[in-house]
Amino acid sequence: MAAASSDLFFGGIEGGGTGSTAIILSNEGKVVGRSSGFGTNHWLIGLDECLHRVNVMVEEAKRTAAIDVCKPLASLGLSLSGLEKEEIQQQAVSIMKSKYPNCSNKYHMCCDTVGAIATSSDKGGIVLISGTGSNCQMLMPCGKTVNCGGWGHLMGDEGSAYWISHKAIKTVFDVEDGLVPSPFDVTYVKKRFFEHFKIDNLYGMLDHLYAKFDKAHVAGLCKALAVGAAEDKDLLCLHLFNQAGEVLGTHVRAVIQHMDDECQEVLLNSDKGLRITCVGAVWQSWELLRDGFIAGIKGSSDNTAVQVKRFSLVKLRESSAVGAAALGAKCAHYSLPIDYGSMVDEFFCYEFE
């Protein structure tokens with residue numbers, strides 16, 4: 001690829017449903033600017049507002065890098081939650097060029113999973129997101145991608161903060177209605193649920209479910225539930241996180257069934273087995289997810305063709321905006337020198353007997 005002059009800069013955006021990060025890299029692959037902002041999932045806020053927030057973050061990152069905000073970046077990679085559809089990506093590029101001509105000269109658009117994979121490896125891999133929402137994607141060495149989940153809170157978001165919170169709330173409603181009994185006492189969860197939404201009865205929740213519905217705010221209850229599980233050992237909270245771990249492991253088991261022989265050799269049969277890049281705040285509660293996750297990823301040998309014999313979990317040390325920037329740089333015919341080994345930390349490994 002062509003060499004870049006020392007005054008070229010490459011931007012990247014990591015965008016989720018709750019918050020987003022922008023970074024600017026020099027041509028040497030070093031972070032020189034950074035900013036943060038609100039969520040940038042266009043399904044939640046609309047594409048125009050999403051891209052407005054992107055431009056605001058890029059301008060702030062330029063300021064931290066001492067770059068003229070009116071000087072376009074050489075490229076900008078956007079790795080945003082909900083940005084899977086090609087037609088939406090093309091529309092986003094068009095809007096950025098017309099409304100924000102000083103933002104960047106070139107653009108690369110992809111969903112948040114791709115940016116995370118591109119931050120941890122240039123050979124493909126699996127990323128498992130569990131934040132406000134959830135998603136799992138495998139990028140095969142041949143370039144093919146396979147997804148499981150990522151369809152939003154109405155169709156799933158299994159194992160996410162929203163999913164855990166929703167199940168907790170629904171359990172309380174079901175018990176109060178006498179509809180479905182809970183195997184665990186709901187007193188603790190009900191108290192945390194009412195405190196989070198500042199309500200004193202179930203009718204007070206109706207406003208939050210309709211006129212004032214906010215997915216991120218619902219997902220925010222998960223923090224209190226994590227405390228309930230880890231510190232107060234509430235059995236219902238522990239049960240919810242175990243269920244979340246199991247369904248997250250099942251996501252991985254689903255995508256690996258699409259592996260061809262080359263993919264199995266590269267991704268499944270390395271020294272430490274399958275490496276899974278874990279992204280999102282729910283992974284901070286790994287010890288609560290652990291047993292369920294192991295059970296979920298193992299599954300049943302009777303109904304799966306591809307089995308995981310060993311696996312390792314890693315977290316990104318840097319924002320997946322780095323991977324987004326690397327992908328964007330390729331659109332500007334430049335290969336950023338990324339030290340992928342320094343981008344991740346392993347926090348768990350396991351081998352099945």
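Helix 4 (112–120), strand 6 (125–130), helix 11 (261–268) and strand 9 (274–279) each give at least two residues to the lining of the second largest pocket. Helices here are DSSP runs of H or I with at least four residues, strands are runs of E with at least two, and both are numbered from the N terminus. Before we go on, note that this is a predicted model, in which local features need pLDDT of at least 70 and side-chain atom pairs count only at pLDDT 80 or more, while totals for chains, interfaces and linings use all residues. Residues are numbered from 1 along each chain as its sequence is written, and side-chain values use heavy atoms, with hydrogens and water left out.

Let's stay with that pocket. Strand 9 provides the largest share of its lining, 3 residues. In total 16 residues line the second largest pocket, and Ser121, Gly124, Val266, Leu267 and Arg275 are the ones that lie nearest its centre. A pocket is found on a 1 Å grid over the protein atoms alone, as an open set of points with protein on both sides within 12 Å along at least five of seven lines; a cavity is a set of points where a 1.4 Å probe fits but cannot get out, and lining residues have an atom within 4 Å of a point. The second largest pocket holds about 280 Å³ of space, where volume means the space filled by probe spheres set on grid points that are joined across faces, edges and corners. Its lining has 6 nonpolar, 7 polar and 3 charged residues. In this scheme Ala, Val, Leu, Ile, Met, Phe, Trp, Tyr, Cys and Pro are nonpolar, Asp, Glu, Lys and Arg are charged, and the others, Gly among them, are polar.

The lining of the largest cavity divides into 8 nonpolar, 3 polar and no charged residues.

Axes are lines fitted to C-alpha atoms, for helices over the stretch in contact, and angles run from 0 to 180 degrees between N-to-C directions. Val114, Gly115, Ala118 and Thr119 in helix 4 meet Val322, Gly323, Ala324 and Leu327 in helix 13, contact being heavy atoms within 4.5 Å. These contact residues comprise 5 nonpolar, 3 polar and no charged.

Two further helix pairs are worth a look. The axes of helix 6 (residues 187–197) and helix 9 (residues 221–230) come within 10 Å and cross at roughly 150°, which makes the two helices roughly antiparallel. Their contact residues divide into 8 nonpolar, 2 polar and 1 charged. Helix 10 (residues 235–256) and helix 12 (residues 286–298) have axes that come within 6 Å and cross at roughly 35°. The contact of helix 10 with helix 12 has 9 nonpolar, 6 polar and 4 charged residues.

Key:
Angles under 35 degrees count as roughly parallel, over 145 as roughly antiparallel, 65 to 115 as roughly perpendicular and the rest as oblique.
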